[in-house]
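This report covers a pocket, a set of salt bridges, a surface patch and some backbone angles. The structure comes first.

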Amino acid sequence: QNHSISVWNDGNAIPIRKHEWQEDEDASMKDTSLYEHELIFGYLDSSSNFDDDKKDRKGGGLHGLGAKLVNIFADEFIAEGHANGQKIVIKWTNNMGEQSVPKITSLKNGKDYTKITYTLDFKRFGETGYSENILAVMKKMCIDCATCTGLKVYFTVSGEEPELLKPKNFMEYVSMFTLANNKEKLEFKSSDSTLIVCEKSEYEP
């Protein structure tokens with residue numbers, strides 16, 4: 001109802017620690033004490049670059065603008081993480097203009113994760129909420145995730161029942177976005193891929 005969106009990732013978590021500034025990073029920031037989450041989600045021209053083998057952060061870069069731009073265009077943006085037996089929560093408001101003091105608590109159990117929750121500042125876009133078209137794009141992305149991973153993915157709009165999005169196979173996935181029936185489609189399979197060809201009707205959007 002408040003149009004908030006949460007994105008949760010249980011892959012390699014961001015370490016809960018103060019950032020150690022390197023020689024090749026912004027000299028003006030060297031005396032600034034920041035947690036990695038503060039730097040990654042609240043400062044431009046920084047990123048969470050990790051070496052998958054060493055598990056060490058390499059430092060700031062020019063990547064990772066996506067989440068920070070969401071923060072800038074959000075009424076509220078919350079970053080939450082669990083790693084090293086700890087949990088961190090930081091909240092930004094007023095288009096990243098104000099930030100709370102990072103809250104660190106002990107959390108021994110559970111899988112490491114990173115989670116962001118945000119509420120867009122719709123007035124900056126001349127809107128009052130997500131349009132039907134935007135919701136359709138979000139739903140399409142969820143269907144893509146379900147198709148690629150084979151996992152159960154639920155799409156829920158406030159006030160409605162959760163909808164299970166799990167195409168049985170790639171043919172069913174294609175059928176969700178075309179008007180041609182299965183008899184009018186050609187399916188080609190190899191050891192590592194599937195290709196489906198179908199005719200697009202003149203009246204099909």
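A residue is called buried under 20% relative accessible area, exposed over 50%, and partly exposed in between. Lys87 has 24% relative accessibility, so it is partly exposed. The model is predicted.

Lys87 forms a salt bridge with Glu80, with an N to O distance of 3.7 Å. Glu80, at 16% relative accessibility, counts as buried.

## Other salt bridges

Across the whole structure, 8 salt bridges are found. In one of them, Glu36 pairs with Arg17, and their closest N and O atoms are 3.2 Å apart. This pair links distant parts of the chain, with Glu36 in helix α1 (residues 36-42) and Arg17 in the loop between β1 and α1, 19 residues apart. Glu36 is buried at 2% relative accessibility, whereas Arg17 is partly exposed at 31%.

Lys139 and Glu163 also meet through their side chains in a salt bridge, at 3.0 Å from N to O. Here too distant parts of the chain are linked: Lys139 belongs to helix α3 and Glu163 to strand β10 (residues 163-165), 24 residues apart. Lys139 is partly exposed, with 26% relative accessibility, and Glu163 is partly exposed, with 35%. A network of salt bridges links Asp75, Asp121, Lys123 and Arg124.

## The largest pocket

The largest pocket holds about 1,200 Å³ of space. Its lining consists of 29 residues, and Ile5, Ser6, Tyr118, Met138 and Phe155 are those nearest its centre. Two or more lining residues come from each of β1 (4-9), β8 (113-120), α3 (132-149) and β9 (153-155).

Which element gives the most to the lining of the largest pocket? It is α3, with 7 residues. Sorted by class, the lining of the largest pocket has 18 nonpolar, 9 polar and 2 charged residues.

## A nonpolar surface patch

Leu44, Leu65, Leu69, Phe73 and Phe125 make a nonpolar surface patch of about 430 Å². One of these, Leu65, is placed in helix α2 (residues 65-72). Leu65 counts as partly exposed because its relative accessibility is 35%.

## Positive phi angles

Most residues other than glycine have a negative phi. Asn94 is not a glycine, yet its phi is positive, about 55 degrees. Asn94 lies in the loop between β5 (86-93) and β6 (98-99), and at 47% relative accessibility it is partly exposed.

Met96, also not a glycine, has a positive phi of about 70 degrees. Met96 is placed in the loop between β5 and β6.

Note on methods:
Residues are numbered from 1 along each chain as its sequence is written. This is a predicted model: local features need pLDDT of at least 70, side-chain atom pairs count only at pLDDT 80 or more; totals for chains, interfaces and linings use all residues. Side-chain values use heavy atoms; hydrogens and water are left out. Helices (H or I, at least four residues) and strands (E, at least two) are DSSP runs, numbered from the N terminus. Buried means under 20% relative accessible area, exposed over 50%, partly exposed in between (1.4 Å probe, protein chains only). Patches are made of residues with over 30% relative accessible area and no salt bridge: like charges are joined within 9 Å, nonpolar side chains (Val, Leu, Ile, Met, Phe, Trp, Tyr) within 5 Å. Accessible areas come from the Shrake-Rupley method with a 1.4 Å probe; for residues, only the protein chains shown count as cover. A salt bridge is a side-chain nitrogen of Lys or Arg within 4 Å of a carboxyl oxygen of Asp or Glu. On a 1 Å grid over the protein atoms alone, a cavity is a set of points where a 1.4 Å probe fits but cannot get out, and a pocket is an open set with protein on both sides within 12 Å along at least five of seven lines; lining residues have an atom within 4 Å of a point. Grid points are joined across faces, edges and corners, and a volume is the space filled by probe spheres set on the points. Ala, Val, Leu, Ile, Met, Phe, Trp, Tyr, Cys and Pro count as nonpolar, Asp, Glu, Lys and Arg as charged, and the others, Gly among them, as polar.
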